[in-house]
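Here is a colleague's note for a reader who wishes to check ring geometry, backbone angles and accessibility against the coordinates. Please read it with the model open.

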Amino acid sequence: MSFDENDISDQTPDDCWKWAIFYVNRDDPRILVPKLSGLGFTLNFGRKISYLVVAALVALVAFPLVSSFIG
């Protein structure tokens with residue numbers, strides 16, 4: 001499947017959506033894809049960098065909470 005970044009229509013195959021909230025497609029080069037419903041974007045969990053993004057967001061939230069209990 002080829003992807004045109006200028007095409008704003010839904011290019012996400014239905015079989016790549018898990019529980020209608022997680023998009024997993026290793027062949028899709030995009031990291032952010034339009035949500036299946038509603039506004040906004042979601043991560044393409046077929047790309048390894050998506051897991052790094054989630055880990056970084058968790059660390060940004062967890063670090064202040066942990067440091068407030070320690071210090």
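1. Basis. The model is predicted, with local features requiring pLDDT of at least 70 and side-chain atom pairs counted only at pLDDT 80 or more, while totals for chains, interfaces and linings use all residues. Residues are numbered from 1 along each chain as its sequence is written, and side-chain values use heavy atoms, with hydrogens and water left out.

2. Aromatic pairs. A search of the whole structure returns four aromatic pairs, where rings of Phe, Tyr and Trp (its six-membered ring) pair if their centres lie within 6.5 Å, and where planes under 30 degrees apart count as stacked, over 60 as edge-to-face and the rest as tilted. One of them joins Trp17 and Tyr23, whose ring centres are 5.1 Å apart and whose planes stand at 50 degrees, so this pair is tilted. Trp17 counts as buried because its relative accessibility is 9%, and Tyr23 is buried at 0% (buried means under 20% relative accessible area, exposed over 50%, partly exposed in between, with a 1.4 Å probe and protein chains only).

3. Trp19 and Phe22 form an edge-to-face pair, with 6.1 Å from centre to centre and 75 degrees between the planes. Trp19 is exposed, with a relative accessible area of 75%, whereas Phe22, at 34%, is partly exposed.

4. Backbone in the loop between β1 and β2. Most residues other than glycine have a negative phi. Trp19, which lies in the loop between β1 (17–18) and β2, has a positive phi near 55 degrees. Ala20 is found in the loop between β1 and β2, and its phi is also positive, near 60 degrees; this residue counts as partly exposed at 48% relative accessibility. Strands here are DSSP runs (E, at least two residues), and helices are runs of H or I with at least four, numbered from the N terminus.

5. A polar contact. Arg30 sits in the loop between β2 (22–23) and β3 (32–34) and counts as buried at 17% relative accessibility. Its side chain makes a polar contact with the side chain of Asp28 at 2.8 Å (a pair of N or O atoms within 3.5 Å; within protein, one must be able to donate a hydrogen and the other to accept it, and residues adjacent in sequence count only if both atoms are side-chain atoms).

6. Helix α1. Lys48 belongs to helix α1 (residues 48–70) and is exposed at 74% relative accessibility. Lys48 and Ile31 are 17 residues apart in sequence, with a C-alpha to C-alpha distance of 9.2 Å.
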